[in-house]
Amino acid sequence: MANPVIRFQDVSKVFYRANGRGDLMAVERLSLDVAQGEIVAVLGKTGCGKSTMFNLIAGLIEPTSGTVSVSGHDPFRDFEFFRGKIGIVFQGDRLMPWRTALANVLLGLEILDAEASEAEVVARGWLERLGLRGHENDYPHALSGGMRQRVSIARAFAVEPEILLCDEPFSSLDEMTARDLRAEFVRLVRQNGKTAVFITHQIGEAMEIGDRVLVCHRPARIAFEARMTEAAREGQRQRIHEKILEVLSLDAPLGTTTDGGG
Amino acid sequence: MIGNPKVVRALQATASTLVIVVAWQVASGFFPHYLFPPVPDIVKRVVDILITGPLLVDVLVTAARIFAGLAGAFVLGCVMALLIGRSPRIESYVTPVLVFLQGIPALSWVVIAIIWFHGIEFRIFFIMVMTTLPAFTFQILDAFRSMSKDLFEMTMSFRPRRWTLFKVLIVPTIVPGILTAWKVNLGNAARVVVVAELVGATGGVGYQLLRQQQLFDMAGAIAWTLQLVLFVLIVQQTIVAIENHALRYRAVSERAM
């Protein structure tokens, strides 16, 4: 792949645990490339290391070995370089309870020192696009779960990031709301030409969203990869779904991934 | 209007205060007035203090001493809490000292201050700071540590500068703890300042209480005490008003606990 935006080269991540419980190998020698403008859906059982992969790309944790590079830089060390370049939609909405919906969307823009009046126009625009017009001054506790997650999507998009990371963002929502938000999310990503990594544990969601679906086994390593071309989406959907199910069923049960190193 | 919870609470508070006032007035009919002076005498003395310039100055001096002591302890407490919060090593050095300080009675600080320092105002300031510093530090540290990891990671994902992180996340996180710390320490400070003023001050509520004791004037003693209670109530209500405004984002259940 020429000039991937995200590149994992032989990356491992071990969490050292106290009390003699052994060290936890969350990611093992993972190599992975994500191209510019691609949406990659990462699928795996709970505890397979998907979120660790996510945190490595986001620069929230450092790999134990190997290299992670995003746009050619180390996301953990080049703190300044990534200001405004990565937008994250987390599993929970992670809204600041003391900020209104508008102020929550403004957060990233404030951090990036955007001019206040322009930032407000941008934030209001995103809230409107996500169907939250009239709720700008509501505090998070006054919004439904779906509305709060929309605010968090608006917050991630408002800073115009080059890369979007989503960690099971719709998992806590009802199916109808999740479906609507999923469609809205894909439309926004494609329309704005973003590169996105979407972590999920739902096969249908991964196949619907991803240009490529990666199935992870514990500790995070790629056990299966499917390109979701139009043809694949139309004609081979059932076959791919069954194959993913089969690969997932081969994954080791939770609790067998500890190295006895600790 | 009677169904309004605020009105109901005000009526309940008035009723319980009235019971105490009536009980005192009844007692004044059975006991000598130097033990239980009639309520109208006490009210007259309270009003006299409030409308007589030099006496009112004594109340204001005590108020200023409370504020100065609390402000000093608050600033120091903030600095110490942030240092402890940032470094486990500093915590292991400083926390035992604060716990030790917390165990020292206010009266001991009064004696130490008299021996160590000459200036009356500095003595009182020192006593106020030393008695309220540990509580301020621990309460602010607790508020700092209660900061949500999820919100921290979310904010860090935007890569804020240090000052911006402080402004957008740390300050709003610790504000509720700071307000609670002020409410708790205000009561403590009001008690400690009187002790500090009793010994060695030439003005203030504590000094006036000492004079009433020497004159065996119960109405005066109650009147001066009420000045302090009134001051604490006014400041508490001001803090509550600030709290209601600053924490207006909090959801309130319609069902009482």
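1. A residue is called buried if 20 or more other C-beta atoms lie within 10 Å of its own, exposed if 12 or fewer, and partly exposed in between, with C-beta atoms placed from the backbone. By that rule helix α1 of chain B is hardly covered: among its 26 residues the count of buried ones is zero. Helices (H or I, at least four residues) and strands (E, at least two) are DSSP runs, numbered from the N terminus.

2. This is a predicted model, in which local features need pLDDT of at least 70 and side-chain atom pairs count only at pLDDT 80 or more, while totals for chains, interfaces and linings use all residues. Residues are numbered from 1 along each chain as its sequence is written, and chains are lettered from A and ligands numbered from 1 in the order in which they are written.

3. Chain B has ten helices and zero strands. Its C-alpha atoms fill a box of roughly 70 × 60 × 30 Å along the principal axes. Of the 257 residues of chain B, 30% are buried.

4. Helix α1(B) spans residues 5–30 and reaches 38 Å from its first C-alpha to its last, close to the 38 Å expected at 1.5 Å a residue. The expected span is 1.5 Å times one less than the number of residues.

5. Two residues are in contact if their C-beta atoms, placed from the backbone, lie within 7 Å. Among contacts in chain B between residues at least 6 apart in sequence, 69% join residues at least 24 apart.

6. Between the chains, 14 residues of chain B are in contact with 21 residues of chain A. On the chain B side, the elements giving two or more residues are α7 (149–156) and α8 (162–198). The largest share, five residues, comes from α7(B). By class, this side of chain B has nine nonpolar, two polar and three charged residues. Here Ala, Val, Leu, Ile, Met, Phe, Trp, Tyr, Cys and Pro count as nonpolar, Asp, Glu, Lys and Arg as charged, and the others, Gly among them, as polar.

7. A nonpolar core is a set of buried Ala, Val, Leu, Ile, Met, Phe, Trp, Tyr and Cys residues joined through C-beta atoms within 7 Å. The largest has 75 residues, and those with the most contacts inside it are A:I57, A:L165 and A:V197. A second, separate core of 45 residues includes B:M128, B:L133, B:W182 and B:I222.
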